[in-house]
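Thank you all for coming. Please have a look at the chain on the screen, and then I will walk you through some of its residues one at a time.

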Amino acid sequence: MPEGTVDRFIENRTFDELTIGETASLSHTVVQRDIDLFAVVTGDVNPAHVDPAYAETDMFHHVIIHGMWGAGLISAVLGTKLPGPGTIYLGQELRFRRPVSIGDTITATLTVREKKPAKADVTLDCVCTNQQGDAVITGLAYARAPTEKVRRPRITLPSVQLGRHDGMRALLARASGGAAVATAVVYPVDVLSLQAALDAAAAGLIVPTLIGPAARIQAVAKAARVDIGAFRLIDAPDGAAAAACGVALVRAGEAALLMKGDLHTDALMHAVVAAQSGLRTIRRISHVYLMDVPEYPRLLLLTDAAINIAPTLAEKIGIVQNAIDLAHVIGVAQPRVAILAAVETVSHRLPSTVDAAALCKMADRGQITGGLLDGPLGFDNAINEAAAAEKGIVSPVAGRADILLVPDLEAGNMLAKQLTFLSGAEAAGVVLGARVPIILTSRADSASTRLASCALGVLMARAVAA
C-alpha cells in the first residue's frame, strides 16, 4: 500500500472480520476552543460551560470535557476505525473516573468484547486515558457493525473560526463604568450615525450634542422611530458648518469628544487642523484601530490607516507614540510594537525598512518611550511566533505584537479591512493627537464597531482629562 494511503482513506471492519480483543484508538488534546465550539453548536450557555470563573470546578471538568470528549472520541473510534463506516451506535455505559483539564491529552481505546451474530451487534470495552496513562473514563459501547465492506476517501473537515471578542467586551464594560463624556456629534443626518450616538448614550458612554441641519436630523429620528428630545440639537446648514461648530464646542470646553457623523473624514479634519480655530497640539494627529481578532491572544492596535497617507520618519515617531500612549490607557503597560515592512532585513531599496531601523534606535535613545519596538518585521513574523522562529528571528516583539505600525495608509487600510472582513475581527477606531479624541466611523462599520469606537474614545478622553 503506498505511503500515506491509510491517512487518506477510512476503511471499516465488517462484523465477520471483527475478532474478540481487537482494538483501535484516537487521541485529542483538550483546548479552550473545544469548549467554545461545544457551546456554539449546542447553544448551551450554562456558566459552568462558558464562564471562566467556573473553569476549575469539578462540574466544569465532568460535564463538559468528560461528556464532550469522552463520548465524542468513543463515537469517533466507532465511526471511523472500529468497526468504522456503516456502524450504528446503539448506546453506551460510561463512568467518569478522574477529572480532565484543558491541556490534557485524552486517548480513547475501544476493544471488541462480544459479538452477537443475530443482528451483527457488538459490545466494546471503552477506556479513556490521560497523558499519564490514568483512566479517566471507563465503560461499554454497544453498536451494530456493518456487514458490507466500505473504503472511501477521508473527508477533509472544514476550518472553524471562533470570534469571542472578549477583549472588546471588557473594553466596553470598563468604559461604561465611568461618567458619560460630553460629545459633539457632527452631522448625524443618516440613521447609522444618529443611531450610533444614541446607542452610545444609552450605554452610558456619552452625552451627545447633535450638530447639523435640525429639520433633517429630526426627520431621520422620526423615520427611525427614535426620540432625540433629551439631547441638545444645534442647527448647522451643512457638514462644513457642523464640523466648525463641533470644534468650537470643544474649544469652549463644552465637549471632550468629537464624533464623526455622515460627512467625509476630510471635511471634519479640515476643521480640526485649521491653523487658528482648530484643535491642533504639538503632537502628530494620527488614527489608531483597536482590533479584537479571533484566534489572536491579545488586542491589536493598528496605525495609521486613516489620516497620514505616506508618513515620513519624523511623522512616524508621533504616530507610534500616540499608539503606545493609547495602549497604556487600555491597560498594556509596555506594548510590543512591530514595525511592518515587506521583509525583515534593512534595505536601502525599501525605505520602510530604513525607517523601522531608525525608529528602533530612537526608542533605544529615549526618543520614543513607553513601548518595546522591533522592526522591520513582516506581518507573519509580527503576529506568529512560529513564523518568526522559522526565519530565525529572535525578538521579544516578534510573534507577540500589541501594536502594528504600517508603512503607509494604503497598507494600513487594506490590513484593517482584511482583519475585519476576512478574519472576523471586531474593530474600534479613534484619532489621537488633537485636543480631544475624535471618533471616526464609516458606513461599512457595524453597530458594535461604532459602539466600541465610542468606548475607546471615552477611555482616552478620561485619560486626557485626568
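What we have here is a predicted model, in which local features need pLDDT of at least 70 and side-chain atom pairs count only at pLDDT 80 or more, while totals for chains, interfaces and linings use all residues. Residues are numbered from 1 along each chain as its sequence is written, and side-chain values use heavy atoms, with hydrogens and water left out.

With that in hand, take threonine 129, which, leaving out residues up to four places away in sequence, touches Thr105, Ile106, Thr107, Asp134, Ala135 and Val136.

Where does threonine 14 lie? Threonine 14 is in the loop between strand E1 (9-11) and strand E2 (23-29), and, not counting residues up to four places away in sequence, this threonine touches Pro146, Thr147, Glu148 and Lys149. Threonine 14 counts as buried because its relative accessible area is 9%, where buried means under 20% relative accessible area, exposed means over 50%, and partly exposed is what falls in between, using a 1.4 Å probe and protein chains only.

Next come the rings. I say that a charge sits over a ring if NZ of Lys or CZ of Arg is within 6 Å of the ring centre and within 35 degrees of the ring normal. Lysine 115 does this over the face of phenylalanine 15, at 4.5 Å from the ring centre, and the charged end of arginine 151 is placed over the ring of phenylalanine 9, at 4.2 Å from its centre.

Let us turn to strand E8, residues 181-186, where 5 of the 6 residues are buried. Which strands pair with E8? Two strands pair if DSSP finds at least two bridges between them. E8 pairs in the parallel sense with strand E9, residues 206-212, over 6 bridges, and alanine 182 stands opposite valine 207 in E9. E8 also pairs in the parallel sense with strand E11, residues 257-260, over 4 bridges, and there threonine 183 stands opposite leucine 257. Together with helix H6, residues 191-202, E8 and E9 make a right-handed β-α-β unit; right-handed here means that, with the strands pointing away from the viewer, the path from the first strand over the helix to the second runs clockwise.

In the loop between E8 and H6 we find tyrosine 187, whose phi is near 65°, a positive value in a residue other than glycine. Glutamate 295, in the loop between strand E12 (286-292) and strand E13 (300-303), also has a positive phi, of about 75°, although it is not a glycine. Is each of them buried or exposed? Tyrosine 187 is buried because its relative accessible area is 11%, whereas glutamate 295 is exposed because its relative accessible area is 54%.

Now for the interior. In soluble globular proteins, nonpolar side chains tend to be buried together. By a nonpolar core I mean a set of buried Ala, Val, Leu, Ile, Met, Phe, Trp, Tyr and Cys residues joined through side-chain atoms within 4.5 Å. The largest one in this model has 81 residues, of which Leu258, Val272, Leu373 and Ile438 touch the most other members. Helix H15, residues 447-465, supplies the largest share of this core, namely 8 residues. A second, separate core of 24 residues includes Phe15, Ile106, Ala141 and Ala145.

Lysine 316, in helix H10, residues 313-329, is also counted as buried, because its relative accessibility is 6%. Leaving aside neighbours within four places in sequence, lysine 316 is in contact with Pro311, Ser352, Asp355, Leu359 and Pro407.

I will finish with two peptide bonds. A cis bond joins leucine 82 and proline 83, with omega about 0°, and another cis bond joins glycine 375 and proline 376, with omega about 5°. Proline 83 is in the loop between helix H4 (58-80) and strand E3 (88-96), whereas proline 376 is in strand E15, residues 372-377.

Technical notes
Helices (H or I, at least four residues) and strands (E, at least two) are DSSP runs, numbered from the N terminus. Contact means heavy atoms within 4.5 Å.
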